[in-house]
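Work through the exercises below with the model open. Each task is followed by a stepwise solution.

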Amino acid sequence: MKDLQGLKTLLASPKKVVIVTHFKPDADALGSSLGLAGYLVKKGHSVAVISPSDYPDFLAWMPGKEMVIALTKDSIVPQQKAKALIEACDILFCLDFSSLKRINEVGDMVKTSTAKKVMIDHHLEPEKFADFEKWDVSSASTAELIFELIDEWGDLELIDQDIANCLYAGLMTDTGGFRHNNTTNKEFLIASELVSRGANPSEVAKKIYDTNSLERLRLTGYALSQKLVVLPEYNTAYMTLTWEELRQFGSQTGDTEGLVNYGLSIKGIKMAVLMYDRKEEIKLSFRSLADFDVNALARKHFEGGGHKNASGGQSKQNLEETLKKFLAILPEYKADLNK
Ligand code: 5GP
Ligand code: MN
């Protein structure tokens, strides 16, 4: 039962809906969730959004954020709320992820839920856990899948400025500001539709890209001047940041976002990697050019995945050991990195 017509029928009468997105949500995760939430509220449903963790400050402007329950390490209350909501809901949307590992402890709640599950995502190699799927790897963002869903259901006129700004934010960031090779005619057409419905490109860009704290900028400067390593024989650049270094710059959630891209901006570099200590684990971010497949690398060696040219992963070893492991696997990829 994967076609969405059945879902449309289910949503013909008011339902209790929960939308879950991935751990440490980015603008596409939160923007697609709040865009969908805004639309479903307009259709008469009761809606809650669950984030398995906190989210960056530069997303706090998003309209509808009062619907978000974000799990934290400091309190059990949001987790209990999330559990109760998931147990009681009729329909459970999973947005911008398709592997239950990516929602940590919320994964078990989703697994055991008796609600109808809907997975809407654009990442490679999805798990099969949903009753309904809208999955398209050719889509640059989950936000545009939400746009397409609303369009297919004949409800484009319900996209107001708030919904448009949320969806535009996801589309803008997952295309790297309409620069990555996932940017096609379709992305511009959808962006155009969103702008004609009130999305404000310069405001959204300003809020997401140009609201840095001085500490975040200093962290970027430090990482670039002190921590960026280039391995010419592998056309690879990497940076590592220890927990202490992150603390030294008062690092907040989201402060490392985008840092990995600097490595890839170096002429000739085919793969860029950022590894940093999240205390409970080491987080890895991979970016690549053209045919070099970081999804395969992250999946094989770092319990991760994502897209061919942008993936993430994690390691339970410490930072030093994780770096050692990464350096040790590079010879396996030497030929591809030198193509
Ligand atoms: P980032 O490096 O910015 O965290 O993630 C890059 C891309 O890979 C994003 O599309 C993100 O959703 C995805 N991603 C990040 N971490 C993981 C992971 O552990 N598993 C999978 N399957 N995808 C990930
Ligand atoms: Mn996405």
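Two strands count as paired if DSSP finds at least two bridges between them. The model is predicted.

**Exercise 1. Find the bridge partner of Leu284 in strand 12, and place the strands in their sheet.**

Step 1. Take strand 10, residues 282–288, and strand 12, residues 310–315. They pair in the antiparallel sense over six bridges.

Step 2. Read off the partner. Leu284 is bridged to Gly313 in strand 12.

**Exercise 2. Determine how many residues join strand 11 to strand 12 in the hairpin.**

Step 1. Check the pairing. Strand 11 and strand 12 are antiparallel, over two bridges.

Step 2. Locate a bridge. Gly305 has Gly312 of strand 12 as its partner.

Step 3. Count the connection. The hairpin runs through three residues.

**Exercise 3. Describe the sheet whose strand order is 3-2-1-4-5-6.**

Step 1. Six strands form an open sheet with parallel pairing.

Step 2. Name the edges. Strand 3 (68–70) and strand 6 each pair on one side only.

Step 3. From one strand to the next, it averages 20°.

Step 4. Inspect one pair. Strand 5 and strand 6 run parallel over four bridges. Met119 stands opposite Glu133 in strand 6.

Step 5. Helix 5 lies across strand 4, strand 5 and strand 6, at about 120° to strand 5.

**Exercise 4. Characterise the packing of helix 5 against helix 7.**

Step 1. Two packed helices are described by the angle between their axes and the distance between the axes.

Step 2. Apply them. The axes of helix 5 (residues 142–152) and helix 7 (residues 185–196) come within 11 Å and cross at roughly 65°.

Step 3. Classify the angle. The range 65 to 115 degrees counts as roughly perpendicular. Helix 5 and helix 7 are therefore roughly perpendicular to each other. Their crossing is left-handed.

Step 4. List the contact. Glu144, Phe147 and Glu148 of helix 5 meet Lys186, Glu187, Ile190, Glu193 and Leu194 of helix 7. These contact residues divide into three nonpolar, no polar and five charged.

**Exercise 5. Which residues coordinate the manganese ion (ligand 2), and at what distances?**

Step 1. Identify the donors. They are Asp28 (OD), Asp96 (OD), His122 (NE2) and Asp174 (OD), at 2.1 to 2.3 Å.

Step 2. Write the spacing. Along the chain, the donors follow D-x67-D-x25-H-x51-D.

Step 3. Asp28 lies in helix 2 (residues 27–42), and His122 in the loop between strand 5 (116–121) and strand 6 (132–135). The pair therefore ties together parts that are 94 residues apart in sequence.

Conventions:
Residues are numbered from 1 along each chain as its sequence is written. Chains are lettered from A and ligands numbered from 1 in the order in which they are written. This is a predicted model: local features need pLDDT of at least 70, side-chain atom pairs count only at pLDDT 80 or more; totals for chains, interfaces and linings use all residues. Side-chain values use heavy atoms; hydrogens and water are left out. Axes are lines fitted to C-alpha atoms, for helices over the stretch in contact, and angles run from 0 to 180 degrees between N-to-C directions. Angles under 35 degrees count as roughly parallel, over 145 as roughly antiparallel, 65 to 115 as roughly perpendicular and the rest as oblique. A crossing is left-handed if the near helix is turned anticlockwise from the far one by less than a right angle, and right-handed if clockwise. Contact means heavy atoms within 4.5 Å. Ala, Val, Leu, Ile, Met, Phe, Trp, Tyr, Cys and Pro count as nonpolar, Asp, Glu, Lys and Arg as charged, and the others, Gly among them, as polar. Donors are N, O and S atoms within 2.8 Å of the metal (3.2 Å for Na, K and Ca); water is not among the atoms, so sites may look incomplete.
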